[in-house]
Amino acid sequence: MKAGSGPLGVAIIGCGLIGQKRAKALGAGGKLIACADKDLSRAEYLAGSQGARVFANWREALLLADVDLVIVATLHDSLAEITLAAIEAGKHVLVEKPAARTSAELKPVIEAAARRGAKVHVGFSHRYHRALRRAKEIADAGEIGELMFIRARYGHGGRLGYDREWRANPELSGGGELIDQGPHLIDLSRWFLGEFSEIQGFAHTYFWDMPVDDNGFMILKTPKKMAAFLHVSCTEWKNTFSMEIYGKVGKLEISGLGGSYGVERLTHYRMLPEMGPPATIAWEYPMADNSWAVEIEQFYDDIRLDRPPSAGLVDAYAALKIIEKIYQESGYDHSA
């Protein structure tokens, strides 16, 4: 697979809001070569003045020799299929989370990537937010001591007609809120705490008139009993992101993601020798979110340096296995 010193040729498959956001974040390391969408007008809009070629059939974009990297930003039902085809066509891939509807759907993708030597990055973009990157540095440096547990909430309020959109159709989405925002919290928790060996949870539909869940609750434990207590919701009414990482000598609290989620903040609570109220330092990041640009730059480096992607198919597979177990125990059968 080609990975020279110049910009990588990029094809974007799925030219909706996420595809547009990915295009804006390409930076100098990538050049938009092709845009594909079954709605040709969306592909034409994204191609814009960049001179990119336009396709209604995504398979035609994979035939282009000057495409090195394919970004897959479609609905969940075609993520695995397109990623697999791109790998077999000799391309590297950035696929949006959850990368597939089920772990079984993802298995042949993992096998093909290993066989073909393809780099496949999964869009766990939250790892690249300023507050979370700084929190990881602090935790890895041992500044909050041995980690104990994580408590996190992530939710949005939906909108009129939400229960008639594609995310409410299990054939297209693979599930509801648990497979929508759940993968981000699961991935972040694994990033800090490691692999989970015990999974408990409950998914339920409380409000929206749809056959998929609108709330998911998780208690995940590592072999050392480090725990993640997670809640994802699309009945939050006001968009919310909150993550607290507890160590034996301090705590890190991340809130907001910018935009409608509020200003992104990181607060470090440091235990004093005499205990009592902790020493506190806080950082605010009111500037525009740059997580997607940081993410793609890191993936460019992964390709050029021939190193494993920082967030890859193994991470997506682990998240899907957790989600599937909770769906099974909650009486949801979203298998394709």
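The second largest pocket is lined by 14 residues, with Ala113, Ala118, Val120, Pro309 and Leu313 nearest its centre. The model is predicted: local features need pLDDT of at least 70, side-chain atom pairs count only at pLDDT 80 or more, and totals for chains, interfaces and linings use all residues. Residues are numbered from 1 along each chain as its sequence is written, and side-chain values use heavy atoms, with hydrogens and water left out.

**Second largest pocket**

- A pocket is an open set of points on a 1 Å grid over the protein atoms alone, where a 1.4 Å probe fits, with protein on both sides within 12 Å along at least five of seven lines; lining residues have an atom within 4 Å of a point.
- The space in the second largest pocket is about 210 Å³, a volume being the space filled by probe spheres set on the points.
- Helix H5 (103-116) and helix H11 (313-329) each supply at least two residues of this lining; helices are DSSP runs of H or I with at least four residues, and strands are runs of E with at least two, numbered from the N terminus.
- By class, the lining of the second largest pocket holds nine nonpolar, three polar and two charged residues. Here Ala, Val, Leu, Ile, Met, Phe, Trp, Tyr, Cys and Pro count as nonpolar, Asp, Glu, Lys and Arg as charged, and the others, Gly among them, as polar.

**Largest pocket**

- The largest pocket has a volume of about 1500 Å³.
- Its lining has 45 residues, of which Leu17, Ile18, Trp166, Arg167 and Trp292 lie nearest the centre.
- Helix H1 (17-24) and H4 each contribute at least two lining residues, and H4 gives the largest share, five residues.
- The lining of the largest pocket divides into 18 nonpolar, 16 polar and eleven charged residues.

**Ser78 in helix H4**

- Ser78 is found in helix H4 (residues 76-88).
- Ser78 counts as buried because its relative accessibility is 15%, the limit for buried being under 20% relative accessible area (1.4 Å probe, protein chains only).
- The side chains of Ser78 and Thr74 are joined by a polar contact of 2.9 Å, that is, a pair of N or O atoms within 3.5 Å, one able to donate a hydrogen and the other to accept it.

**Sheet**

- Six strands form an open sheet in the order S3-S2-S1-S4-S5-S6, with parallel pairing; two strands pair if DSSP finds at least two bridges between them.
- The edge strands, S3 (53-55) and S6 (120-123), each pair on one side only.
- Strand S1 (residues 8-13) and strand S4 (residues 69-72) pair in the parallel sense over four bridges, and Ala11 stands opposite Val70 in S4.

Conventions. Buried means under 20% relative accessible area, exposed over 50%, partly exposed in between (1.4 Å probe, protein chains only).
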